[in-house]
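Open the model in your viewer and keep the selection tool ready. We will go stop by stop.

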Amino acid sequence: MKKLIYPAAAVALFFASAFTVIKSQDWKIAEGYSIKFDGGDPSGEFGGLKGTISFDANDLANSRFSTSIDVASINTGNGMKNTHAKSEKWFDAAKYPTITFTSSSIAKTASGYAATGTLDMHGVQKPVTIPFTFDGSTFKGSFEVNRMDYNVNTAEPAHGSQKFKVDITVPVSK
Amino acid sequence: MFKRAFFHGLAASVLAAIVGIIYNRIYFFATEADFSKVLNIGSITGISVMVCMLATFIYFGLATWLKKTGEIVFNLLFSIISFACVMIPISISLPLSIKTPELFPGLAVPMVFFPALAWYTLKPLFTGSNR
């Protein structure tokens with residue numbers, strides 16, 4: 001039995017070290033991130049970014065994003081608009097408190113990478129592809145969202161913009 | 001005399017600025033909401049001087065044009081414009097670095113009345129012919 005102790009320890013160390021290699025690809029979201037949306041009027045940003053980011057440029061198959069933002073954190077720079085945005089008529093923050101993005105695959109592109117996954121907003125799940133770059137410390141991505149696709153105030157299609165450009169900048173640390 | 005109207009406007013702008021700066025500090029201590037990027041000593045003083053100087057010209061113009069009712073028309077106009085200006089802090093979009101825009105009207109709405117209040121408060125000191 002004693003003879004098995006060292007092989008068992010070696011196996012345990014092997015698997016533990018493999019686990020640390022996998023863990024080393026995890027990134028923590030650092031302060032200073034921004035999730036800005038621009039539809040002309042309104043424009044603004046979201047806060048409350050949480051989630052897990054596992055990204056390795058050399059191992060895209062095992063890379064994954066699972067993130068969420070707090071709908072109630074919306075800031076358009078105007079208190080009245082913020083209140084409207086959180087109301088039942090628009091994002092309904094009480095019923096749908098978060099907007100989530102979960103990637104299913106990440107691929108290399110000519111200009112960087114592209115994360116394909118599901119964007120869950122206002123109770124509607126839609127597949128989206130977010131092109132992004134990573135310089136070793138900051139993820140930067142940009143994509144377009146149409147609020148009508150997510151049933152956000154579909155009763156008033158002409159009230160404000162329908163299409164919004166979303167710019168994401170997320171500094172990370174290990 | 002324009003000189004009297006000018007000093008009335010100048011004194012009103014100083015009083016409005018002082019009251020505005022004091023209210024700004026009180027509001028900050030009460031709410032801890034920092035709007036210094038938008039409203040600070042410089043901008044409060046600048047806006048107060050600008051509004052009161054504009055009021056000086058309008059007052060002088062109306063008092064000259066409408067000899068009997070000029071002051072009444074001016075006071076009415078100043079009050080109506082001040083009240084209408086309530087919409088400015090309510091509808092303005094602040095820089096996104098300000099995280100509590102909901103609290104901005106509470107700071108700025110009372111301030112839009114300060115120039116008019118200062119003007120009316122100091123009026124007895126500047127009575128007489130302004131023409």
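What is the mean pLDDT of chain B, and what share of its residues reach 70 or more? The mean is 93, and 97% of the residues get there. Here pLDDT is the predictor's confidence in each residue, from 0 to 100. This is a predicted model, in which local features need pLDDT of at least 70 and side-chain atom pairs count only at pLDDT 80 or more, while totals for chains, interfaces and linings use all residues. Residues are numbered from 1 along each chain as its sequence is written, chains are lettered from A and ligands numbered from 1 in the order in which they are written, and side-chain values use heavy atoms, leaving out hydrogens and water. The model scores ipTM 0.72 and pTM 0.77.

**Stop 1: colour chain B by confidence.** Among its elements, helix H4 (residues 87-91) of chain B has the lowest mean pLDDT, 94. Helix H6 (residues 114-122) of chain B has the highest, 97. Helices (H or I, at least four residues) and strands (E, at least two) are DSSP runs, numbered from the N terminus.

**Stop 2: show both chains.** Chain B puts 10 residues in contact (heavy atoms within 4.5 Å) with 11 residues of chain A. Together the chains bury about 840 Å², 45% of it on carbon and sulfur atoms. That is accessible area (1.4 Å probe) lost on being put together, summed over both parts. Now select Leu96(B), Pro101(B) and Glu102(B): in chain B they lose the most area to chain A, together 55% of what that side buries.

**Stop 3: select Lys99(B) and Glu45(A).** They form a salt bridge, with the closest N and O atoms 2.5 Å apart. The rule asks for a side-chain nitrogen of Lys or Arg within 4 Å of a carboxyl oxygen of Asp or Glu. Between chain B and chain A the count is 2 salt bridges.

**Stop 4: select Val109(B).** You are in helix H5 (residues 104-111) of chain B. Why does Val109(B) count as buried? Because its relative accessibility is 19%, and buried means under 20% (exposed is over 50%, partly exposed in between; 1.4 Å probe, protein chains only). Not counting residues up to four places away in sequence, Val109(B) touches Val86(B), Pro89(B) and Ile90(B).

**Stop 5: move to Arg147(A).** It sits in the loop between strand E8 (138-146) and strand E9 (163-173) of chain A. Arg147(A) is buried but has no salt bridge; Glu156(A), the nearest side chain of opposite charge, is 7.1 Å away. Look at backbone oxygens instead. The side chain of Arg147(A) reaches that of Ser161(A) at 2.8 Å. The backbone oxygen of Val152(A) lies 2.9 Å from a polar atom of the Arg147(A) side chain.

Definitions and conventions: Lys and Arg count as positive and Asp and Glu as negative; His and the chain ends are not counted. A polar contact is a pair of N or O atoms within 3.5 Å; within protein, one must be able to donate a hydrogen and the other to accept it, and residues adjacent in sequence count only if both atoms are side-chain atoms. Buried area is the accessible area (1.4 Å probe) that two parts lose on being put together, summed over both.
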